[in-house]
Amino acid sequence: MEQSENTREKIIKVAFQVFVEKGYDGARMQEIAEKAGVNKAMIYYYFNSKELLFEKIITETLDSFFKGFDKVNITSGNIADFIESFVHSHIDFLAAHPYLPNIIVREINNYNPISKKVIKKFFHSLQVTFLDKFAGQFEIARNEGKVRDVDVGQTMLSIAGLNISTFLLYPIYAEMWFNGKSDIHDMLQERKKAIADLILYGLLPRK
């Protein structure tokens with residue numbers, strides 16, 4: 001059983017890199033098999049088509065998104081703590097999967113229906129398990145005068161956009177704003193603080 005799981009995970013890992021490099025249309029199952037050190041029949045044993053393999057890779061990666069948010073307390077009532085925790089957790093997730101935004105954006109721009117289906121399912125789960133609860137807490141904080149009267153959906157889109165752009169534009173950031181830093185860890189710590197500070201400046205009441 002353990003060997004079977006290791007083989008499956010190896011196929012997924014190699015296939016993800018091939019999809020990153022070649023895109024969905026350019027990826028070939030034979031190349032994935034050769035790089036994974038298995039025969040093509042073994043890939044079809046676990047995934048009966050390239051479409052299913054791609055879907056499983058994106059779905060399982062996005063599903064792991066929720067695991068990193070266990071420490072984010074949506075119902076604490078402290079919006080500042082929530083924003084900081086959310087920014088940190090989201091960037092940590094993206095740091096563990098730095099090529100995910102690129103491949104999703106590319107495939108959606110290429111009108112890949114698989115990407116659209118997976119993303120739609122992901123956002124439905126995100127809405128039910130996360131966004132709706134945060135919106136409720138945000139409304140309470142707004143009524144109590146703890147945050148300004150801003151749109152919660154636009155706020156979350158702004159946070160996500162700032163976080164994701166860090167990885168989409170990292171080569172540019174590294175050269176132009178971070179003096180060519182090669183240590184992404186240091187840069188990410190700076191980005192976490194900068195993004196949280198910017199969002200909170202827009203959310204918290206002005207004195």
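Glu-60 and Arg-8 join their side chains in a salt bridge, with an N to O distance of 2.6 Å. This pair ties together distant parts of the chain: Glu-60 lies in helix α4 (residues 50-63) and Arg-8 in helix α1 (residues 2-26), 52 residues apart. The model is predicted, and the chain has a mean pLDDT of 85.

**Salt bridges**
- Side chains of opposite charge can pair when their charged atoms come close.
- Twelve salt bridges turn up in a search of the whole structure, and the pair of Glu-60 and Arg-8 is a salt bridge.

**Helices α5 and α7**
- Two packed helices are described by the angle between their axes and the distance between the axes.
- For helix α5 (residues 79-96) and helix α7 (residues 113-143), the axes come within 11 Å and cross at roughly 150°.
- Angles over 145 degrees count as roughly antiparallel, so α5 is roughly antiparallel to α7.
- The crossing of α5 and α7 is left-handed.
- On the α5 side, the contact is made by Ile-79, Phe-82, Ile-83 and Phe-86.
- On the α7 side, the contact is made by Phe-130, Phe-134, Gln-137, Phe-138 and Ala-141.
- Sorted by class, this contact of α5 with α7 has eight nonpolar residues, one polar residue and no charged residues.

**Confidence**
- In this chain, 87% of the residues reach a pLDDT of 70 or more.
- Among the elements of the chain, helix α2 (residues 29-36) has the highest mean pLDDT, 95.
- The lowest mean pLDDT among the elements, 71, belongs to helix α9 (residues 170-176).
- Where pLDDT is low, the predicted coordinates should not be read in detail.

Key: Residues are numbered from 1 along each chain as its sequence is written. This is a predicted model: local features need pLDDT of at least 70, side-chain atom pairs count only at pLDDT 80 or more; totals for chains, interfaces and linings use all residues. Side-chain values use heavy atoms; hydrogens and water are left out. pLDDT is the predictor's confidence in each residue, from 0 to 100. Helices (H or I, at least four residues) and strands (E, at least two) are DSSP runs, numbered from the N terminus. Axes are lines fitted to C-alpha atoms, for helices over the stretch in contact, and angles run from 0 to 180 degrees between N-to-C directions. Angles under 35 degrees count as roughly parallel, over 145 as roughly antiparallel, 65 to 115 as roughly perpendicular and the rest as oblique. A crossing is left-handed if the near helix is turned anticlockwise from the far one by less than a right angle, and right-handed if clockwise. Contact means heavy atoms within 4.5 Å. Ala, Val, Leu, Ile, Met, Phe, Trp, Tyr, Cys and Pro count as nonpolar, Asp, Glu, Lys and Arg as charged, and the others, Gly among them, as polar. A salt bridge is a side-chain nitrogen of Lys or Arg within 4 Å of a carboxyl oxygen of Asp or Glu.
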